[in-house]
Structure formats: C-alpha cells, structure tokens
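I opened this notebook to record what I looked up in the structure below. The entries follow the order in which I worked.

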Amino acid sequence: MTDSILRIDGLRVQRRSFAVDDVSFAVERGTVTGLVGPNGAGKTTTIRALLGLLTPDAGDIEVLGRPAGSPDALARIGVVLDQPTAAPEWRVATIGRRLSPFYPAWDQQRFEALLDRLGVPREQRVSELSRGQGVKLSLSTALAQRPELLILDEPSSGLDPASRREIGDLIREFMVDPEHAVLFSTHITTDLDELADDLLVLVNGRVAYDGRFADTVDEFAMVRGAGAPPTGEVLGLERRGEQWSALIRTTQMADFGPETVIDAASVDDIVIHLAAAHGKASA
Amino acid sequence: MIGSFIRFDLTSWLPRRQTLLLLGFVAVIGILLPVPGMAITGAAIVTSLMIATPFLGDERGRLDTLYGILPVSRSSVVVGRAGSIVVFALLASAIAFAVTVLMASVRGGSLDWGLLLVIQAVAVAFVGLSASIQLPVLFRIGYTRGRLISYAPALLIAGLAWLAQAIGVLDGAQEAATGVPLPLAVGLGLTLGAVGIVVGVLVAVPLYRKREL
C-alpha cells in the first residue's frame, strides 16, 4: 500500500524569531519515516501542528483523512512525546483506567503486557519513574490504543542502548501490519538505521531532504581533504584547521581528484552538512 | 465524551489533599461559626477560589498537552471542566447544608429555611459569576499567568458594593432586595448562576481553541 496516512502541504508556522516555512511531506501506510534535523529545525513544531496542538499560519494538514486535531483522527494516533503526559501523582496502574474511556480500541491486556515487558513498575507514581521508564509508559499507552499511526517525538534521547533497542523492536512489531505507519523524530539517527523507510531532514524550518532512506547511500557521499577547499559543487563545507569535509551528491564524485577521500555519507553527515549548507550549526 | 472527560477530570483533582482540605474547611466554618448560612457562603467562596486548582494540575502534569492528543474536542474539554466544577460546587454546598442543619440541631436553635435558600441562591449566583470571569482567562492563558483571576470575583463584588455605597444606592438596593418574594429571589440566584457558567463556557471555548497546547 502506498496511500498517505498523513499529508502536510505548505505548512507555515511563524512564532517570534522562529518559523517553519513551506514544509510539505507525506507519510505512506506501511512505512516508517525518520524526521531528523538540528535543534530548532522545526521537528517538534511540525509534529505539534499535525496533532492540532497549535494552529498553523498557513498550509493544509490531513491525518487519517481528517484535519489536524480532529478527535476522529486522534483516536487512531498513538503519540509518544519526550516526557509522559500524565499527572505526577498518578500511579502507572491507574492510567489505563483513566484513558480507556476515550479510545474505542483500547486494549487493557496489551497495556499491562507492555508495562510488564518493558519493566515499568505498575505501582509507582509517574513522578517516581526514570526518564526511560516514562518513555516506555508513553509507548505502552500509545500502543494500547491500537493506533494506525504512531508519532514519536524524540523518545530515545537520553535512553540507554538496550531501551532504544526495545523501542525499535516495538516499532518493528507495530509495522507488521501494512496499514500502519510511523513518524519518528529523533536526534539519534542510528535509531533509524534498520527502521526507517523514508527520511525527512528539516533545517531552519524548511525541508532540506525528503526521500527514501536507503537511497541516501546512493545519493550522497562525503568528500574529505586538506588544504584548499574543493572547487566542485558541495552541500555544506566544514573546515577544521587544514582539514575540510563536505557532503556531495554521488553524481559529482568525478569532480574530485585523487587528493581527496570519498566515503559513504551517514545520516548524521547528511544532517550536519545540510545544516551547514543552510547556515545552521548542528546540535 | 463530555461525561468521560468529567469523570477523568474529577479523578485527576478531586481526590487531591488540598481539594479535600477545602471541603473540610467548609465543614469547619459551619461547625465553628454559629451564624447559619456562613458555611454556605464559605462553600461558594471556596468553590470560586478552587476553580483555578485543576488548571494548576494541568500545568504540573502536562495535562494540557494530554487533552490536545486525546480524541476529545476542545469544546468538550471546556464543558467537561465546567461540569466537574459544578460537581465540586454541589458537593461543597451539600456539605455546607448538612453541617448547617446538623449544627442547628446540636445547638438547639431553629433554622430560617427561607433565609438559607436565599443565601444558597446568592451563593450559586456568585459561583456562576466566578466561572464566567475565570474560565475564559484560565483556558486562554493557563494557571501560571492567570491565577490572580481567582480573586477577581470577590474584588468585583467588593468594588461594586463600595461604589454603590459611595454613590448612595446601597441602602436602597438592600431595602429593595428585602422586598423581593422568596421564590423570585431563589429563582433569580439560580438563574444567574446557570447563566454565569454558560457564559463562561461560551466565551472560553473559542479562546481555548486558539490556545497552543
């Protein structure tokens, strides 16, 4: 299936000195889309706009065939933010009872099974959970809703590798159903390596790259050298003393001589150099 | 969904210690003060001050964001919050009435039911006025920026009373009020209370829709 579960067209959000401008992309069913970019690139603003948490200045957003923030759509979206959206004094075990009336497809057994699997202590209060446990609680809550679309906003920041792997495993299990889709915003781009089908890079509130994740290897390369900077067309040149590195399109590899080294570009390379190309230091 | 939200909202803030202490305070007023009707007045003031409390909980627990991602319309959130405040007001009034009756029997005095009904009606009107002022502000800007609005209803009434006295119409107004038939006074108070809550909700809904969560 390749029909869009989420579509944003010409999104513009202007807030004081910060703006998301002309952001357009779609997330197809059966795919995981990685959303990456430096701090302040507009990832969270874009996610908040598509959830209806803020009103854009311009643009069309359609989620599951409904406008952003529509209760019908929200009932079918699982959301994991960087912190749990739960009162600090709530006990973990009570959260299912509190939220289930709002979600027609709520699966209490699944919620409890996920809490046990992820090691979230049911009798603890939300305020007593570690950051990792809080993210796991949010993920358990989101998946217990039996959503079609899962939206994760930097859930893995500050988590240990084992916890990040658990999140990855749950996303893979979620994606067994080809009707499902995931939008995964992260700073830790290696989390996307075995997960993402598509990659969206935001820099300075604009889309700097939107394409197939696997194609980035064929599309981009890193060129490194010393001394005079390259004369060929590059995407973001970084200099450290005599050394320089630049992101290039693979079609331009022939423009660089034997004095340079050309390697495959990682997603981090792409983000850092696209940010540099757009005049923004990467986080 | 409004019913679900009222249940959700009440279970979020009603069982908290400070909320229960406020209800206990209403009972203490009725027990300690020998003037019948003071507990009912206290219940109204406590309810008015309490309206901001759930908004404090929203900010502390990031519940505003939760309401934004729950499949509930923003108008349902506003109506549901007003509903849960009405439930609190009824609870506080019931406690006040029960303590008033109980203490009257303990003290061996008789109760002027007509006066109590008028006080209750005025209390309802005051809660309605409070809701009409506080709900729009708190839904638009939240607890941290809007918390001082809790004192606005009492200040407004005190200000109007001072103004009435200053221009010499307070005594006349009091005399006119004593001449109002009991059913009309009670009906007027209850109607004003209901209108206040409805106005508060109607003004708050569009303001809350514009708020970034």
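I began with contacts in chain B, counting two residues as in contact if their C-beta atoms, placed from the backbone, lie within 7 Å. Among contacts in chain B with a separation of 6 or more, 85% are between residues 24 or more positions apart.

I note the conventions here: the model is predicted, local features need pLDDT of at least 70, side-chain atom pairs count only at pLDDT 80 or more, and totals for chains, interfaces and linings use all residues. Residues are numbered from 1 along each chain as its sequence is written, while chains are lettered from A and ligands numbered from 1 in the order in which they are written.

**Chain B, overall**

I took helices (H or I, at least four residues) and strands (E, at least two) as DSSP runs, numbered from the N terminus. Chain B has 10 helices and 0 strands. Its radius of gyration is 18 Å, close to the 17 Å that the globule rule gives for 213 residues, so chain B is as compact as a globular protein of that length. That radius is taken over C-alpha atoms, and the rule is 2.2 Å times the number of residues to the power 0.38. I found that the C-alpha trace of chain B spans about 55 × 40 × 25 Å along its principal axes.

I called a residue buried if 20 or more other C-beta atoms, placed from the backbone, lie within 10 Å of its own, exposed if 12 or fewer, and partly exposed in between. In chain B, 43% of the 213 residues are buried.

**Two residues of chain B**

I looked up B:Gln134, which lies in helix 7 (residues 113-146) of chain B. B:Gln134 counts as buried because it has 25 C-beta neighbours inside 10 Å. Beyond its neighbours within four places in sequence, B:Gln134 contacts B:Ile51, B:Ala52, B:Ile149 and B:Ser150.

I then turned to B:Asp58, in helix 4 (residues 53-60) of chain B. B:Asp58 also has 25 C-beta neighbours inside 10 Å and therefore counts as buried. Not counting residues up to four places away in sequence, B:Asp58 touches B:Leu63, B:Asp64 and B:Tyr143. From B:Asp58 to B:Glu212 I read 14 Å, C-alpha to C-alpha, across 154 residues of sequence.

**Chain A**

Chain A has 8 helices and 14 strands.

I followed one open sheet of 4 strands in chain A, with the order 12-13-11-14 and antiparallel pairing; two strands pair if DSSP finds at least two bridges between them. Strand 12 (235-240) and strand 14 (261-264) of chain A each have a single partner strand, so one side of each is left without a neighbour in the sheet. The twist averages 20° from one strand to the next; axes are lines fitted to C-alpha atoms, for helices over the stretch in contact, and angles run from 0 to 180 degrees between N-to-C directions.

Within this sheet, strand 11 (residues 220-226) and strand 13 (residues 243-249) of chain A pair in the antiparallel sense over 7 bridges. I noted that A:Met222 has A:Leu247 in strand 13 of chain A as its bridge partner. Helix 8 (residues 267-277) of chain A lies across strand 11, strand 12 and strand 13, running at about 95° to strand 12 of chain A.

**Between the chains**

Last, I found 19 residues of chain A in contact with 20 residues of chain B.
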